[in-house]
Amino acid sequence: MTSQTDAAVPATEPVPAADSAPLTERERQFLRAKQSREAPRVLWSSTVFAVICFAPALYFEPEARGFWPIAGVSLAIGFMVLLAWSESLDQANLRDDLAAGVKFWREGVLTGVMERDDGESWPPIYCLYIAIDGDDPELPTRFSVPWNCYEAVRTDLRVRIAYAPKALRLLNLTQGDYDYVAVDRQFDVHPPPP
């Protein structure tokens, strides 16, 4: 049996603990504005309604008892369940962040940006991907931001951010001279539609 000494074990950098700070009243209001009790209820109600409508049709209609009709209905209802569960989880995370009353300050590198525009809804969704120090750099954390923040930041540069830890809502971002504060910028105008 061999034993390893401390010298034989490679030293690893300790993961920096997140600096936490209490949420300000304006940040609490900002997060409360993102809450919705109705969205999960509507999604779950729609799912139950779909089951109530399609189950009798599949049972009583002989032509609907084939593989493809059942697979199609099951797939649609499965998607509705996934969407309702995702929205419920998002709202639960917001409630937990508000109950905890804390935000995390972390540093990292802005590794990428993304604009998601489906061509039908306006405004598009703008996202930043940040590799937070101490986390896996191959799996950056995604934050949705408004257009002006998306346009102001540059990739491959260090940033300091504050965010709600469970809901991953970006509250502050500093990159060089640029300072984004979500509660001050939530009513900024969007760029004109194309």
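1. Asp-97 lies in helix H3, residues 67-100. Helices here are DSSP runs of H or I with at least four residues, strands are E runs of at least two, and both are numbered from the N terminus. This is a predicted model, where local features need pLDDT of at least 70, side-chain atom pairs count only at pLDDT 80 or more, and totals for chains, interfaces and linings use all residues. Residues are numbered from 1 along each chain as its sequence is written, and side-chain values use heavy atoms, without hydrogens and water.

2. Asp-97 is buried but has no salt bridge. Buried means under 20% relative accessible area, exposed over 50%, and partly exposed in between (1.4 Å probe, protein chains only). A salt bridge needs a side-chain nitrogen of Lys or Arg within 4 Å of a carboxyl oxygen of Asp or Glu. The nearest side chain of opposite charge is Lys-166, 6.6 Å away. Beyond neighbours within four places in sequence, Asp-97 contacts (heavy atoms within 4.5 Å) residues including Leu-23, Val-102 and Lys-166.

3. Glu-27 sits in helix H1, residues 25-33. Glu-27 is buried because its relative accessible area is 5%. With neighbours within four places in sequence left aside, the contacts of Glu-27 are Pro-22, Lys-103, Leu-171, Asn-172 and Val-183.

4. Glu-151 belongs to helix H4, residues 147-152. Its relative accessible area is 40%, so Glu-151 counts as partly exposed.

5. Now the whole chain. The protein has five helices and seven strands. Their order along the sequence is β-α-α-α-β-β-β-α-β-β-β-α. Of the 194 residues, 28% are buried. Among contacts with a separation of 6 or more, 63% join residues 24 or more positions apart.

Terms used. Lys, Arg positive; Asp, Glu negative; His and termini not counted.
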